[in-house]
Amino acid sequence: MGKKVTVFGSFVVDLMGRCPHLPAPGETVKGSVFQMGPGGKGFNQGVAAHKAGADVTMVTKLGSDAFAEVALSTMKHLGMNEERIFHTDETETGSALILVDENTGQNQIVVVLGACGKITDHEVESLADLLDESKFLLTQLETNVSAVEKIVDMAYERGVNIILNTAPVQPVSDFVLSRVDLITPNEVEAEILTGTKVHDVESASTAADYFFEKGVKNVLITMGGSGVFLATPHKRGFLPAYKVMALDTTGAGDAFNGGLTAALSEGKDLWEASQFANALAAISVQRLGTTLSMPKREEVDAFMKERGRGEWILC
């Protein structure tokens, strides 16, 4: 078992429909499959890290409704620590409406955060002892920004390694960026945050320079089906994606971030951890759903044994 990981983020219930094409405005499309299950970027990443073998404590906030039971029953089933889940009677548990094109795997998503968008300063402050025990904090931008800023600051003061996944994308303050050990935008998020259109290694490197100037220590940009760009203070490289038949790409970024954090918590360096995460994400996109698509550790190990680790192209 590696070092302790705190995953601070959202939980929503995913309501997913598959259809022959994504609807245009005003269009009704007949769907073929409906699936309801646990989701939210934070929860997905927490489950991915847990199933990959990390010692994870999940932190999120739920309402007092039937959707909250989806989170709690999932955590019980997976054997996850439920002690740091916040609850409220004042608002509903979050939900996400997801449409997936069954031919391309592309998606459209509307997220209603509910309870996990209203995490209070007092609740974050109650996590001080958890952060004291943690080596890594993985968080996103799908809870209220005030809570993210506070947990990042508390983690920074305690010397915790901070991983920030910039999804769903929104402005990130210089205050937060200066405290981040690793930032993990996708190519679209990187463009919005840096002003550089990311479409190849050269443009990804330019975007990474923006983050370095803000004080971020390491930059990893996921580039969809093409691969992953990683920039550390002394080395930059590109790792091509595995070629697989994608069934549903909805949770690919979450799978990658959870797998990455799990591998880092075991002591792998960023280059090795990215190879592991790349494999984990490749498995997840071949399955329907988000939380439900996250593979077990032995599946990732078997996939890498069969398909190889992938080779970094240094640049």
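How many residues line the largest pocket, and which lie nearest its centre? I get 46 lining residues, with Asn186, Thr249, Thr250, Ala252 and Gly253 nearest the centre.

Ground rules for myself: this is a predicted model, where local features need pLDDT of at least 70, side-chain atom pairs count only at pLDDT 80 or more, and totals for chains, interfaces and linings use all residues. Numbering starts from 1 along each chain as its sequence is written, and side-chain values use heavy atoms, with hydrogens and water left out.

**Pocket.** The volume of the largest pocket is about 1,200 Å³. Helix 9 (252-265) is among the elements that each give at least two lining residues, and helix 9 has the largest share, 5 residues. By class I count 21 nonpolar, 18 polar and 7 charged residues in the lining. (Ala, Val, Leu, Ile, Met, Phe, Trp, Tyr, Cys and Pro count as nonpolar, Asp, Glu, Lys and Arg as charged, and the others, Gly among them, as polar.)

**Cavity.** I found 1 cavity of 30 Å³ or more; the largest cavity has a volume of about 80 Å³. Its lining is 13 residues, and Asp14, Met16, Gln35, Gly289 and Thr290 lie nearest the centre. Strand 3 (33-39) gives the most to this lining, 4 residues.

Terms: on a 1 Å grid over the protein atoms alone, a cavity is a set of points where a 1.4 Å probe fits but cannot get out, and a pocket is an open set with protein on both sides within 12 Å along at least five of seven lines; lining residues have an atom within 4 Å of a point. Grid points are joined across faces, edges and corners, and a volume is the space filled by probe spheres set on the points.

I traced 10 strands in an open, mixed sheet, ordered 5-4-1-8-9-10-11-12-13-14. Strands 5 (85-87) and 14 (313-314) are at the edges with a single partner strand each, so one side of each has no neighbour in the sheet. (Strands pair if DSSP finds at least two bridges between them; helices are DSSP runs of H or I, at least four residues, and strands of E, at least two, numbered from the N terminus.)

**Helix pair.** The axes of helix 10 (270-284) and helix 11 (297-307) come within 9 Å and cross at roughly 105°. The two helices are therefore roughly perpendicular, a label for 65 to 115 degrees. (Axes are lines fitted to C-alpha atoms, for helices over the stretch in contact; angles run from 0 to 180 degrees between N-to-C directions.

Notes: Angles under 35 degrees count as roughly parallel, over 145 as roughly antiparallel, 65 to 115 as roughly perpendicular and the rest as oblique.
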